[in-house]
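Reader: Could we go through this model together, starting with how the helices pack and then moving on to any open space?

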Amino acid sequence: MACSTPDNAAIAAPPATARMFGYASGNFGKNLLASTMDVFLMFTLTEYWGISPLAAGLIVMLGLVWDGLCNPLLGRLLDRATDRAGLYRRLLVIAAPVVTIPFTILFLLPTPSHPS
């Protein structure tokens, strides 16, 4: 019985530097957005809304758990799609403005005034 080796067509070529840079910059942007929202939400909940730090932490944790549950579900959706690259690109084109616009508006809202 001969030892089978994968043929060259089955071995994927390493990604190009530009593609890796694109992925890395997208991942950096995603992490920047997520981390900023977590910190800003904690500050807003505790300082402006008067929620205890424990409750604010639980609220943020709930969002992170939801994100953790949605990621595998979205991955499964993309794996089952016949046009994975096309579906993923469409989701990014739709989601980027949906996330960017509220994120920007959040920082444009006026600061609540506290009675002295």
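Author: A term to settle first: a crossing is called left-handed if the near helix is turned anticlockwise from the far one by less than a right angle, and right-handed if clockwise. This is a predicted model, and in it the crossing of α1 and α2 is right-handed.

Reader: ok, and at roughly what angle do the axes of α1 and α2 cross?

Author: The axes of helix α1, residues 17-48, and helix α2, residues 53-80, cross at roughly 145° and come within 9 Å.

Reader: which residues meet there?

Author: From α1 there are Asp38, Leu41, Met42, Leu45 and Thr46, and these meet Pro53, Ala56, Gly57, Ile59, Val60 and Leu64 of α2. Sorted by class, that contact has eight nonpolar residues, two polar and one charged.

Reader: switching topic, where is confidence lowest and where highest?

Author: Helix α3, residues 84-108, has the lowest confidence, with a mean of 78, whereas α2 has the highest, at 86. For the protein chain the mean pLDDT is 77, with 77% of its residues at 70 or more.

Reader: and how much space lies in the largest pocket?

Author: The largest pocket holds about 1600 Å³, and among the 36 residues that line it, Lys30, Leu33, Asp67, Asn71 and Val99 are the closest to its centre.

Reader: which helix gives the largest share of that lining?

Author: That is α3, with 13 residues, although α1, α2 and α3 each supply at least two. By class, the lining of the largest pocket has 23 nonpolar, eight polar and five charged residues.

Technical notes
Residues are numbered from 1 along each chain as its sequence is written. This is a predicted model: local features need pLDDT of at least 70, side-chain atom pairs count only at pLDDT 80 or more; totals for chains, interfaces and linings use all residues. Side-chain values use heavy atoms; hydrogens and water are left out. Axes are lines fitted to C-alpha atoms, for helices over the stretch in contact, and angles run from 0 to 180 degrees between N-to-C directions. Helices (H or I, at least four residues) and strands (E, at least two) are DSSP runs, numbered from the N terminus. Contact means heavy atoms within 4.5 Å. Ala, Val, Leu, Ile, Met, Phe, Trp, Tyr, Cys and Pro count as nonpolar, Asp, Glu, Lys and Arg as charged, and the others, Gly among them, as polar. pLDDT is the predictor's confidence in each residue, from 0 to 100. On a 1 Å grid over the protein atoms alone, a cavity is a set of points where a 1.4 Å probe fits but cannot get out, and a pocket is an open set with protein on both sides within 12 Å along at least five of seven lines; lining residues have an atom within 4 Å of a point. Grid points are joined across faces, edges and corners, and a volume is the space filled by probe spheres set on the points.
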